[in-house]
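Work through each task before reading its solution.

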Amino acid sequence: MTIIINLDVMMAKRKVALKDLANQIDITNANLSILKNNKAKAIRFSTLNEICKALNCQPGDILEYIEEDVD
């Protein structure tokens, strides 16, 4: 099971810079960068809520499930 975080795509669509979004949702640039670069192991619902509110999107616009091949 692989969950992909497409935050960078949504930020580009909304033309929002990392530091601007980080300030808006009250998260550090470093932690938002970890999410943006798909390096996060987890995300809090409260953080996801704030991201969706700031970017005017749905959680499904940011999170994507990709099934891994099992051989």
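In which helix does Thr47 lie? Thr47 lies in helix α4; helices (H or I, at least four residues) and strands (E, at least two) are DSSP runs, numbered from the N terminus. The model is predicted: local features need pLDDT of at least 70, side-chain atom pairs count only at pLDDT 80 or more, and totals for chains, interfaces and linings use all residues. Residues are numbered from 1 along each chain as its sequence is written, and side-chain values use heavy atoms, with hydrogens and water left out.

**Exercise 1.** Determine whether Thr47 is buried or exposed, and list its contacts.

Step 1. The relative accessible area of Thr47 is 18%. Buried means under 20%, exposed over 50%, and partly exposed in between (1.4 Å probe, protein chains only). Thr47 is therefore buried.

Step 2. Contact means heavy atoms within 4.5 Å. With neighbours within four places in sequence left aside, Thr47 is in contact with Ile27 and Leu35.

**Exercise 2.** Sort residues of α4 by side.

Step 1. Thr47, Leu48, Ile51, Cys52 and Leu55 are the buried residues of α4. They lie on the same side of α4 because they cover an arc of only 135° around the axis, the arc being that of the directions from the helix axis to the C-beta atoms.

Step 2. An α-helix has 3.6 residues a turn, so residues three or four places apart point the same way.

Step 3. Phe45 and Lys53, on the other side of α4, are exposed.

Step 4. The packing partners of the buried residues are α1 (7-14), α2 (18-25), α3, α5 (59-62) and β2 (63-66).

Step 5. Just after α4, Asn56 has a positive phi of about 50°.

**Exercise 3.** Describe the second largest pocket.

Step 1. Its volume is about 150 Å³. A pocket is an open set of points on a 1 Å grid over the protein atoms alone, where a 1.4 Å probe fits, with protein on both sides within 12 Å along at least five of seven lines; lining residues have an atom within 4 Å of a point. A volume is the space filled by probe spheres set on the points, which are joined across faces, edges and corners.

Step 2. Among the lining residues are Ile27, Asn31, Leu35 and Thr47. Elements giving two or more residues to this lining are α3 (29-36) and α4 (45-55). The largest share, 3 residues, comes from α3.
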